[in-house]
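Hello,

Here is the structure we talked about handing over. Please have a look, then read the notes below.

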Amino acid sequence: MAALKMAAAQRGCLDINNNNRAQKLPDNLRLLESSVLSVSLLSDNRVPFPVYYEPEDIFGPSIEPEPKHFEPPNMMAGDRPVNKLVDSISRTPGRLPSPQPTHFGGHDVPYKNGNGNGHRVLRSATVGYIAPEFKGKKAQKIEVKAKLEAGNWIPSSLIDQQIDWFYNDLGIDDVYFQTESVSAIVSNITSLYAAKIAAFAREDKQQEIRLDMEAADHAIYIDTSEPGVSKIDGPRYERRLESKYLDASASGNNVYRVETFRSPTNLAGTVEAKSTMRCYFVYQCQFVEPNADPKETRLEVIGDQMFLAKATSNTKQIYQEIIETAVQRNGPVIEYFDIENSKEVRLVVAFRRKTATGMFTALSDLYHYYGVTSSRKYVEQFSNGICVICLYLKPANIVDSPPLDQSIHQITKEISLLYCIPRNKFQALFVGGGLSLQETVYAHCLWVFVQHFLNRLGSEYSSLVSALDSTNSLHVEILSKIKRRLRTETFTSAYIAEIINSQPQLVRSLYASFASTHLAFGPGFEDDFIPPTPSAEVLTDNQLKELIARTVANEHEEMVMNAFRIFNNSLLKTNFYTPTKVALSFRLNPSFLPELEYPQPLFGMFLVISSESRGFHLRFRDIARGGIRIVKSRNKEAYGINARRMFDENYGLANTQQRKNKDIPEGGSKGVILLDAAHQDKGSVAFEKYIDSIMDLLLPPTSPGIKNPIVDLYGKQEILFMGPDENTADLVDWATKHARSRSAPWWKSFFTGKSPKLGGIPHDAYGMTTLSVREYVKGIYRKLELDPSKVRKMQTGGPDGDLGSNEILLSNEKYTSLIDGSGVLVDPHGINHEELIRLAKKRAMISEFDITKLSKAGYRVLVDDINVKLPNGEVVNNGTVFRNTFHLRETGLTDSFVPCGGRPESIDLASVSKLIKNGKSTIPYIVEGANLFITQDAKLRLEAAGCILFKDASANKGGVTSSSLEVLASLSFDDAGFLEHMCVGSDGQTPEFYKAYVKGVQEIIKENARLEFEAIWKEHKATKIPRSTLSDTLSIAITKLDEELQKTDLWKNETLRRSVLQDALPKLLLEKIGLDLIIKRVPDNYLRAIFGSYLASRFVYQFGSAPSQFAFFNFMSDRMKKIQQ
């Protein structure tokens, strides 16, 4: 034993924690006395891994549940040591299963049922894996024995026994022995022997061991645990290997498979032990074809070589079939099998590798909750991106656990919820048995909800609102900025979580109210399984309010828990109980928002929560359209800021879109997806889950596998129209195809911005946004009788961008300065136009401009340049600073400025003074093509200084007009007609109708821009109101009249209705399809929106934003006369 102690000290790999017992032991045994033996081993000649630290929780510091909520029933003294968290798993009074509908696959469901979720019986002889025989095993054992004898670590009389125990009783297969070196095997056997001695020396006689060996290409973990019990303390080897190997491999090049076995014996080899050993083996995958296509399903191509060598024919067949289903699905595929003449059930779950971080350990917590343990577990990876987890489950023999078949049904039902959020914020409450999985996931979702809606503004903001004019666009912008500053951070995310964690009984009661409303059963539910009733009495809202008031300790706790009530009362429908969901989506009635902070009421709100992100979709009308953007964060601090601002910015973006959409039937909407701090590389995964989960609430529950109807308290059909925005332009084709695969009748119109092969009209290819900007630029020149070729022009946003390149291609002014991401290009005599055209067609930055084509007075300064001397002698020290501030310089070279790119608020109240000299604007004409380039207060200052300025909401509306007409064509054609006339063929041939329709769209864009330009010019001339203010005034007037017209009886007048639609719809569509068929195909609420927006915009453009009380009567009288003629 002294030799063992010395060897361990020399190797530095044996760490034994002394329990400091009062009992004195001999010195040669004191080393081995411990509560837990913790051993870290490295195979010879391997580079050791850095010290392992538990990964930081992505939701912030973990909050342990208070012991008072987890007191187990009284136990007889001496049964076993008390562990409140472990005991509570099976002994919490009143513990009931999660209220999820339980009949999922069922014994009557065929194995291949279209959904991939099913059940069948396997013959026991066909199940599992058969490791290839290691023919050198006998010789290896002889070498191992020789080394053990030479090491003198184990008494020679016990060496054979320890070798046989290690080779035969631990469930380790031949792959391990063929892979490992003799020295590593000797080291493991010796460490396990030392652990036995330490365990038997313990006063409580508990036999526990913790052993780990980690290398770059494989790892081994061995510990003892009680079957069917999740421990919050202890080594958490599953979490460790998942974090280090499984989750890390999800986004890396190295991918790992896992095999884990539970030995039927303990350290002493007795079968009756409560705690037995579990061994985990991790191996780096060696794929047959490492770069397989994501749709490839042949195992012999996508499989790992070790898996293909070990798996039985039956296992390969099971995996083949489940993978074939998984590649067609976004979410998990679940199969389960009874094994003939066995108490075990084989559960198989397949999903895309990057979509469920933490799933392996979460599954363990789930089946432990239902009193089930596993004898074997496998994680198999495939080079097409599919991960398959296979569990062999059996009863854990825990008191009061349900029968195995009932537990398995419940587990299969809850896997879909687990997949959405494998590690919820309140996992400890679930592991400890304090709350069910459903209740903790519900609490997690409310934790997200509360963060966005509990930090209310104080009385200072109310005073400001009353003092300022809410109809004044300048005041509105000031209020928006002050709102961000006044938001208090009393309720941080960690503080909210702490409050929720302290009130599990209230969470249970609030969840019961939620479930009683939104849990419904469809055909196929069998009530002989675990009853899916909530585990608390269902209370009325008033009773819940009283219960909260009686239970909480302070005002803050009351505010947080009452927010749960607000959520429940505002919820109209959810996919929470849909078995095929991939993320959790909630359709909320936004009327709970305070009018003081959100004066323009929202029509609809969706909240989406997944393991990678959270997202909102907000719209101001039933029929609305807007882009979906993904927000990324550079670091945790940036994430915190983005999370705090997320909802308000989403609201503001949708509101801006509402004003911009004045000419079209769709109101404004916007979707924002915020990636969690730990998942910044999961943009596409988060987007797909966001879209699919919202579609759950838009489509009837007829998708394969959905047996539970969604409770729809809204009760009306909803259609959303979306488009690309930041970080989503390359994802819209997927969304369109996915809507089609889910049989959405509106798949053609769901997304704009898609490729022409799917019927999309790309804005950049046809200059749609630029066309409207150009109408404003040309309008100024026309009104002032200017020769464009003599107008000196500055532009931000260069020839590489959509707006910038098309502005260059369509313009005929004299460019004197051009700023883009690469730098600044200037020529007082005019930048060579042919060279600019070349760059614009190539979509290249000015860094590729041929500077030999500049005059002697011209120059180019790139962002990486330093100490550059300009022709006038000025030295530019820093190219980046020069680029960022050039638009504010007084160069004397600019008559017209058209921002086509650049950062928001590039000109604000602080910097606008640089453009005003002696009370006069240094730039006479500005047309704001780029969104939000100039703040509203800066616009007003420039206009007061004589600048003729048109703001973004008016100038760049061409893109939204194009998207709206793309939607209209999608709704008007049937599928066959759409594919024939609106989709570019696989041969690249563009349909003639498509070409003509695009030209028609361009003409409509120019007409709408001209009408608004003339209306603003006319009203400014009459009233002297700033043009940037009139832009908002006209938008509000059109929007308000539109909403009122849709509610009047004018729509019921068929003659008027058909006349307006005849004028509003594109002529080409009317000729190709006909008005009657369009009316039949296009949803009624969309036609009504076309009717209202067309009449409203034409009236306001003709009569202004403040017409006389008789103006509309005269307007409609003239129209009726034309109809009668």
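**Aromatic pairs**

A search of the whole structure finds 53 aromatic pairs. Rings of Phe, Tyr and Trp (its six-membered ring) count as a pair if their centres lie within 6.5 Å; planes under 30 degrees apart are stacked, over 60 edge-to-face, and the rest tilted. This is a predicted model, in which local features need pLDDT of at least 70 and side-chain atom pairs count only at pLDDT 80 or more, while totals for chains, interfaces and linings use all residues. Residues are numbered from 1 along each chain as its sequence is written, and side-chain values use heavy atoms, with hydrogens and water left out.

One of the pairs is tyrosine 245 with tyrosine 256, which is edge-to-face, at 4.9 Å centre to centre and 70° between the planes. Tyrosine 245 lies in helix H8 (residues 237-250) and tyrosine 256 in strand S6 (residues 256-262), so the pair ties together parts that are 11 residues apart in sequence. Helices (H or I, at least four residues) and strands (E, at least two) are DSSP runs, numbered from the N terminus. Tyrosine 245 is buried, with a relative accessible area of 1%, and tyrosine 256 is buried at 7%. Buried means under 20% relative accessible area, exposed over 50%, and partly exposed in between (1.4 Å probe, protein chains only).

Phenylalanine 307 and phenylalanine 382 also form an edge-to-face pair, with 5.5 Å centre to centre and 85° between the planes. This pair links distant parts of the chain, 75 residues apart: phenylalanine 307 is in helix H10 (residues 305-310), and phenylalanine 382 is in the loop between strand S10 (372-381) and strand S11 (386-395). Both phenylalanine 307 and phenylalanine 382 are buried.

**Charges over rings**

Lysine 141 lies over the face of tyrosine 167, at 5.3 Å from the ring centre. Lysine 689 is placed over the face of tyrosine 419, at 4.8 Å from the ring centre. A charge sits over a ring if NZ of Lys or CZ of Arg is within 6 Å of the ring centre and within 35 degrees of the ring normal.

**A sheet**

An open sheet of 7 strands runs in the order S22-S21-S20-S19-S25-S28-S29, with mixed pairing. Strands pair if DSSP finds at least two bridges between them. Strand S22 (859-862) and strand S29 (948-950) stand at the edges with a single partner strand each, so one side of each is left without a neighbour in the sheet.

Regards
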